[in-house]
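Biologist: Please show me the model, and then we can go through the terms used for it.

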Amino acid sequence: MMVCGFALALFAMDVSGQPALATNAVFATSSATDPTRSDGTQLTKPPLHSESAPLFHSFNSGPSHEKLIALTFDDGPHAVITPKLLDVLRAYKAKATFFVLGERVKLYPMILRQIFDEGHEIGNHTYSHRSLAALSTEEIEHEIIETQSLIKQATGYEPSLFRPPYGAFRSNTRPVFQKHNLNVIMWSVDSKDWSVRNENKIYDVVITHARSGSIVLFHDIHPAILDALPRILDTLVADGYQFITVSELCGLPPLAPLAPPATRLESLSVK
Ligand SMILES: [Zn+2]
């Protein structure tokens, strides 16, 4: 059994749309053994909390003792950019995590299936990309449930990761995430691809800030990422980094989809 320590970030509501880092603490958890499917890929199921006190889990980075980075791509799948991005990731043997929108999964279920089949992780990024800070609890649940359902229809797999659009949500939304066994995943490096839309600037931002344990935010809807990513990977691979999924980085238990939980994750406790 492997024991790791991770940063736990608790985010509070921020009406400006930016996540407010309220608390940083360290907790210890034990990871389950790593069953793999017959095709060799590893997938995640939600951690099983104790019935009495489910905790709110949010990560903006992973442990820093190994040269591991989680690349994340939001707002897709995109009909053209996502398949090209998959080609790049395959060429570098890099695994990534895609936070997808339900309304785009509905349009491109086969691209989602390709992401899944190539061993990447899939997370829920809501159905329509509205800020959760502006929605009622019922609307938030609808956004989550609809997207979980579409992802499951396309892949047979129900995500355990959620990223709120704009990183924004009210603190009283946490029980909704807990109810649906979703870990909230933020980021520690913003590539700014959504604003600069320029290959050289994206490269500079990421190379300047990426380090062991980083969760890097990209969007697979901007073409500049296709030119920037190979250069980023060239540099970081030469520096000795490897690229793994968010669940792998954060020690969340990988389990086969549609299979009964093999191991019960011990409940997490904040020190
Ligand atoms: Zn987004």
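Modeller: L112 touches P77, V100, V105, I122, I151, A154 and T155, leaving aside residues up to four places away in sequence. This is a predicted model, where local features need pLDDT of at least 70, side-chain atom pairs count only at pLDDT 80 or more, and totals for chains, interfaces and linings use all residues. Residues are numbered from 1 along each chain as its sequence is written.

Biologist: What makes these residues count as touching L112?

Modeller: Two residues are in contact if their C-beta atoms, placed from the backbone, lie within 7 Å. P77, V100, V105, I122, I151, A154 and T155 are therefore contacts of L112.

Biologist: Which residues of helix 3 are called buried?

Modeller: In helix 3 (residues 109–117), they are I111, L112, I115 and F116. Buried means that 20 or more other C-beta atoms lie within 10 Å of the residue's own; exposed means 12 or fewer, and partly exposed is in between. Helices (H or I, at least four residues) and strands (E, at least two) are DSSP runs, numbered from the N terminus.

Biologist: How do you know that the buried residues line one face of helix 3?

Modeller: The arc is that of the directions from the helix axis to the C-beta atoms. For helix 3 the buried residues fall within an arc of 145°, so they line one face. The face turned away from that buried side carries the exposed residues M110 and D117.
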